[in-house]
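Keep the viewer open as you go.

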Amino acid sequence: MPEGPEIRRAADRLAAAVAGQPLVRADFAFPALKRFERTLPGSRILSITPRGKALLTAFDNGWTLYTHNQLYGVWHVAGPGERPDTTRSLRVALETRRASILLYSASDIELWRSDDIESHPFLQGLGPDVLDTTLDAATVAARLQSPAFRGRALGALLLDQGFLAGMGNYLRAEVLFDAGLHPSLRPRDLDARQTARLAEALLAMPRLSYATRGIEPTRGMRADYLAREGEAFRFRVFQRDGQPCERCGTPLERIASQSRPLFLCPHCQPARPPK
């Protein structure tokens with residue numbers, strides 16, 4: 001499943017294609033949404049913003065499209081009237097005179113009045129978004145040690161969107177490695193220094209991934225598009241089991257955590273019994 005950085009990059013790409021433009025056509029695969037094929041054309045797309053792993057597409061007629069890609073959904077940008085050659089099922093098509101944005105294979109799709117969208121059950125259950133630039137490490141540290149979360153094993157907690165929205169499996173592995181913590185530890189097992197380091201990693205890793213992951217230098221690319229030396233995002237533990245740890249040389253391991261694979265260094269991230 002795409003994680004917060006991938007969803008935000010998708011939102012940026014979709015908004016760049018159609019934001020501010022009036023719709024000329026809207027198509028929905030689900031019968032409950034068919035009536036909007038008549039009412040949305042003519043309205044403008046105000047914004048396309050991520051909330052955790054969901055996208056909110058706001059229109060100037062007072063409606064907002066809620067979509068969640070889940071495991072298989074994917075957005076495409078195409079020319080007006082164009083449809084990619086794919087075996088995927090088209091669920092949503094929003095078309096302007098300049099471009100079309102197309103959602104395939106997703107099933108979690110709803111239209112809500114914009115004034116009511118914050119009442120959506122998924123949004124109600126979200127914690128702060130790790131890519132929200134107003135979220136700081138002190139707030140995350142306090143959240144880690146709050147009664148609701150301090151007794152949870154980190155391997156489970158870091159996948160809980162009610163703790164921090166936008167986290168996911170690769171980010172979980174990279175954050176825990178950066179903080180030097182084993183997934184079996186709980187926030188209450190950590191001292192103040194460990195808590196602060198984990199809080200900082202929980203913000204730094206997603207933001208670095210959003211800013212740099214997937215960007216490769218090419219001839220003529222503006223220098224300010226490139227990560228500063230040493231900052232480009234790359235996996236240090238995720239899917240690198242059997243390879244040497246970059247810190248200590250110990251072979252990295254793959255374990256199961258919350259029915260998901262989790263990658264770690266057994267030396268740099270020792271399992272310690274709870275206090």
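## A strand on the inside

Is strand 3 (residues 54-59) largely enclosed by the rest of the structure or left open? Six of its six residues are buried, so strand 3 is largely enclosed. Buried here means under 20% relative accessible area, with exposed being over 50% and partly exposed in between (1.4 Å probe, protein chains only). Strands (E, at least two residues) and helices (H or I, at least four) are DSSP runs, numbered from the N terminus.

Before going further, note that this is a predicted model: local features need pLDDT of at least 70, side-chain atom pairs count only at pLDDT 80 or more, and totals for chains, interfaces and linings use all residues. Residues are numbered from 1 along each chain as its sequence is written, and side-chain values use heavy atoms, leaving out hydrogens and water.

Look along strand 3 and you'll see Ala54, Leu56 and Ala58 pointing one way, while Leu55, Thr57 and Phe59 point the other; all of them are buried.

## Its two partners

On one side, strand 2 (residues 45-51) runs antiparallel to strand 3, joined to it by six bridges. Two strands count as paired if DSSP finds at least two bridges between them. Ser47, for one, has Ala58 as its bridge partner. The two strands make a hairpin with two residues between them, and Gly52 in that turn has a positive phi of about 65°.

Strand 4 (residues 63-68) also pairs with strand 3 in the antiparallel sense, over five bridges.

## A close look at Thr57

Thr57 sits in strand 3 and is buried, with a relative accessible area of 1%. What does Thr57 touch, not counting residues up to four places away in sequence? The list is Ile45, Ser47, Ile48, Trp63, Thr64, Leu65 and Leu94, where contact means heavy atoms within 4.5 Å.

## The nonpolar cores

A nonpolar core is a set of buried Ala, Val, Leu, Ile, Met, Phe, Trp, Tyr and Cys residues joined through side-chain atoms within 4.5 Å. The largest one has 39 residues, and Leu158, Leu198 and Leu202 touch the most other members. Helix 6 (169-179) is among the elements that each supply at least two residues, and helix 6 gives the most, with seven.

Apart from that core lies another, of 26 residues, including Val18, Leu40, Phe59 and Leu111.
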